[in-house]
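Let's take a walk through one protein chain, a piece at a time. Keep the picture open as you read.

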Amino acid sequence: MPELPEVEAMARALWPLVAGQTIVRCRVIHPIAVRPNSGRGAANEAARIQKSVRGQKVRSVERRGKYLLLRLERGYLVLHFRLDGQLIWFDGRRTSGHIDVAFEMRRGTLGFVDQRHFGRVQWVRSPGDVPGVRAMGVEPLSKGFTGTRLAEMLRGSRRPLKLFLLDQSRIAGLGNIYSNEAMWLARLNPRRAANRLTEAETRRLHKAIVDVLGRALECCLHPAPDFRDPNWWFQGLGEILAVYGRAGEECRACGRRIRRIEQGGRSTFSCAHCQQ
DNA sequence: CCTGCTACCTGATGGC
DNA sequence: TGCCATCAGGTAGCAG
């Protein structure tokens, strides 16, 4: 489930493959992958994308939150991987396996793959035409993400800290994994109300978010994503995780059991002793 | 403005 | 062993 570090690494690894390449043809193989998230009547969406993208050069590859953006000469291809979405690169025009959308270029073919069909591919004039991108909050690895900024945002929310961290309109790119990890590193209880953190706790949280994402990004870049390998996925991430997915195992700080609770319908992992 | 709930999908998992 | 039910996850949109 790619979050900010994974998508950032994908964006960097993708650029050398598609830089300046012309999309000779776009094939929407599974139209569900281009269906808008809401509303129906999207029967022609596949045709629209195929037509809009054809013949355009890729000008840059960018990331916003967990979105991957391919800036074309006209408009943007906006990809979201949700849980299991992936990219695959084929050196020729032939593809194999389950491909939802294929972008054929001179040098090869880029495939968007998501068997569960949660992920989406969209073409828009401007990134802001995608509601999730328009509403995106501050990039946590940017200069704009300061302790002061975090404090302001925390003050404006009475939600449990965990749900605050998952809110993309406040901080961009944190998902279930890194929000859990950041709270453990900052030694904060996921159920604490966001606006009840002390100054010291806020500073700890700020540092934890930046540290966790920075470390994860380093991990995602070494080794770099290899889209040519259909079985490729990020390696070594499991080893840097302290709480996520470790219910019942020992806390790396105090040795007590990591527990799993549910918040907003999803799993939260924490150490009841370390995180107050 | 803020918050909380639900639909969306399907492979993996667990119970019997 | 096979079958069925449940779960997991991020986002958008809606209701309150």
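We start with Arg 82, which counts as partly exposed at 31% relative accessibility. Here, buried means under 20% relative accessible area, exposed means over 50%, and partly exposed is in between, with a 1.4 Å probe and protein chains only as cover. You'll find Arg 82 in the loop between β4 (76–80) and β5 (86–90). Its phi is near 45°, a positive value in a residue other than glycine.

His 117 has a positive phi too, of about 60°, and is not a glycine either. This residue sits in the loop between β7 (109–113) and β8 (120–124). There is also a cis peptide bond, from His 222 to Pro 223, with omega near 0°. Pro 223 belongs to the loop between α7 and α8.

## Where this comes from

This is a predicted model, in which local features need pLDDT of at least 70 and side-chain atom pairs count only at pLDDT 80 or more, while totals for chains, interfaces and linings use all residues. Residues are numbered from 1 along each chain as its sequence is written, chains are lettered from A and ligands numbered from 1 in the order in which they are written, and side-chain values use heavy atoms, leaving out hydrogens and water.

## The whole chain

Chain A has 8 helices and 10 strands. Those are DSSP runs numbered from the N terminus: helices are H or I with at least four residues, strands are E with at least two. Along the principal axes, the C-alpha atoms fill a box of roughly 55 × 35 × 35 Å. A compact globule of 276 residues would have a radius of gyration near 19 Å, and the 20 Å of chain A agrees with that. (The radius is taken over C-alpha atoms, and the globule rule is 2.2 Å times the number of residues to the power 0.38.)

How much of chain A is buried? Buried residues make up 52% of the 276. Now look at contacts, meaning heavy atoms within 4.5 Å: among those between residues at least 6 apart in sequence, 65% join residues at least 24 apart.

## Opposite charges

Side chains of opposite charge can pair when their charged atoms come close. A salt bridge is a side-chain nitrogen of Lys or Arg within 4 Å of a carboxyl oxygen of Asp or Glu, and by this rule the count comes to 18. In one of them, Arg 63 pairs with Glu 139, with the closest N and O atoms 2.9 Å apart. This pair links distant parts of the chain, 76 residues apart: Arg 63 is in strand β2 (residues 58–64), and Glu 139 is in the loop between α3 (131–134) and α4 (147–155). Arg 63 is buried, at 16% relative accessible area, and Glu 139 is buried as well, at 14%.

Arg 170 and Asp 167 also form a salt bridge, 3.3 Å from N to O. Arg 170 is partly exposed at 21%, whereas Asp 167 is buried at 17%. Another bridge joins Glu 249 to Arg 246, again at 3.3 Å. Glu 249 is partly exposed at 39%, but Arg 246 is buried at 10%. Finally, salt bridges that share partners tie Glu 8, Arg 12, Arg 63, Arg 64 and Glu 139 into one network.

## A well-covered helix

Which residues of α6 are buried? They are Asn 176, Ile 177, Tyr 178, Ser 179, Asn 180, Glu 181, Ala 182, Met 183 and Trp 184, so the helix is mostly covered, with 9 of its 10 residues buried. The cover includes α1 (4–18), α5 (161–166), α7 (199–221), α8 (237–240) and β10 (266–270).

Asn 176 lies in this helix, which spans residues 176–185, and is buried at 16%. Leaving aside neighbours within four places in sequence, Asn 176 touches Glu 3, Lys 162, Leu 166, Tyr 244, Arg 266 and Ser 267. After α6 comes Arg 187, whose phi is positive, near 55°.

Gly 173 is in the loop between α5 and α6 and counts as buried, at 0% relative accessibility. Beyond its neighbours within four places in sequence, Gly 173 is in contact with Glu 3, Leu 4, Gly 65, Lys 66 and Gln 168.
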